Amino acid sequence: MQPMVTDFTRRKLLRTALGAMTVVPAAGLLSACSMGKTTQPPKLIGCSRTPAGAYSVVVASQDGQPIYQFALPGRGHGIAIQPNGTLAAAFSRRPGQYLQVFDYQSGQEWPIRAAAPERHYYGHGVFSADGNYLYATEGVKTSSEGVIGVYDIKAGMAKVAEFTGFGIGPHEVVLADEHTLAIGVGGVHTQGRKPLNLDSMQPALVYLDVQTGGVLERVELEDKRLSIRHLSVTDTGEIACGQQYRGEPEQAAPLVALHRRGQPLRHLQADDEQWLRFNHYVASIASVDGYLLATSPRGNCYGIWHEASMELVEIRPLVDASGVGVIDGEWLVGSGSGKVLTITPPKQVRAYQSPVMWDNHWNVLPS
């Protein structure tokens, strides 16, 4: 059995990789229109960080070259893109204190939205299908009770509703369809980032009505130490779930699953030693042409599965593997070391070097 890659090893590998690259200087983060050298059109948005401890949003070309960027007040996490519009929203890392809306074409920033005193932002959100509302995962500070905050874009980000009663510790939310939200409910009550209820976790994949917030379906995991964290909609309309295992360090657990409404959750397949390569954590997920790719920054790797057979095609190393998106039928994978991979399914790879330390997630801009 291969040993897991610890966070200490991950940081050591990341420092080694960064030693051979040029990082965007912190001074460049102060301008919303800090232009890079590339003349390519914007294709990516992601949160980033620098060795000096600064954080930003970066809009970049397809090969990861920055076009413009602006500073964030703290570490960012997920990005949401407005359908049929030019807005995006960056969410602070859990337990977060802000969300930032901006125009990704002009670089114009909206006023930062601070979390209410009794709330945390939980790192992710999604726009409604018509682009008029933003749904953000939030939590009550004292209990980690899950909240979906509903914000009216046309009213200047006024909070117009809260959906509750679906569980504690929500993380990513996506549109399963134009009428339905899918939420990865981690089930973990935390103080800051310290878990307090590992013996009583209730993780689940939950579907809510976008109009009423009512629970339409709830799918619970048999292993209560598997906390659902990250979601995406596959090219066949299923919800792909990336999980974090909260059990014993030497214990393996399936970290990626697929779900279709009204059916059981299906875990993708891998041997125990292969699951351990992911160091109990999956970050970003995307599917192309019947294959699914999942990244693990903690495991310094990514994996590719065939969706129909649920079989693992391969695992490849990538230091601080982070965001994944799809452009023209190919995956685009980023990393905290600045490496950007273009992968033609199932596993043909081209590599580029970006000067950006990409964080866990990024999004592909509409053409």
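Among contacts in the protein chain between residues at least 6 apart in sequence, what percentage join residues at least 24 apart? The figure is 49%. The model is predicted, and its protein chain contains 30 strands and 2 helices. Of the 367 residues in the chain, 57% are buried.

**One of the sheets**

- Strands β22, β23, β24 and β25 form an open sheet in that order, with antiparallel pairing.
- β22 (285-288) and β25 (311-317) are the edge strands, so each of them pairs on one side only.
- From one strand to the next, the twist averages 20 degrees.
- Strands of a sheet pair through backbone hydrogen bonds, and the pairing can be parallel or antiparallel.

**The pair β24 and β25**

- β24 covers residues 301-306 and pairs with β25 in the antiparallel sense over 6 bridges.
- Within this part of the model, Trp305 stands opposite Leu312, a residue of β25.

**The largest pocket**

- The volume of the largest pocket is about 940 Å³.
- Its lining consists of 36 residues, and those closest to the pocket centre are Ile79, Val174, Ser232, Asn363 and Val364.
- Seen by class, 20 residues of the lining are nonpolar, 14 are polar and 2 are charged.
- Several strands each supply at least two lining residues, among them β4 (76-81), β8 (119-127), β12 (170-177) and β18 (226-233).
- The edge strand β22 also supplies at least two residues of this lining, as do β26 (321-327) and β30 (358-364).

Note on methods: Residues are numbered from 1 along each chain as its sequence is written. This is a predicted model: local features need pLDDT of at least 70, side-chain atom pairs count only at pLDDT 80 or more; totals for chains, interfaces and linings use all residues. Side-chain values use heavy atoms; hydrogens and water are left out. Two strands pair if DSSP finds at least two bridges between them. Helices (H or I, at least four residues) and strands (E, at least two) are DSSP runs, numbered from the N terminus. Axes are lines fitted to C-alpha atoms, for helices over the stretch in contact, and angles run from 0 to 180 degrees between N-to-C directions. On a 1 Å grid over the protein atoms alone, a cavity is a set of points where a 1.4 Å probe fits but cannot get out, and a pocket is an open set with protein on both sides within 12 Å along at least five of seven lines; lining residues have an atom within 4 Å of a point. Grid points are joined across faces, edges and corners, and a volume is the space filled by probe spheres set on the points. Ala, Val, Leu, Ile, Met, Phe, Trp, Tyr, Cys and Pro count as nonpolar, Asp, Glu, Lys and Arg as charged, and the others, Gly among them, as polar. Buried means under 20% relative accessible area, exposed over 50%, partly exposed in between (1.4 Å probe, protein chains only). Contact means heavy atoms within 4.5 Å.
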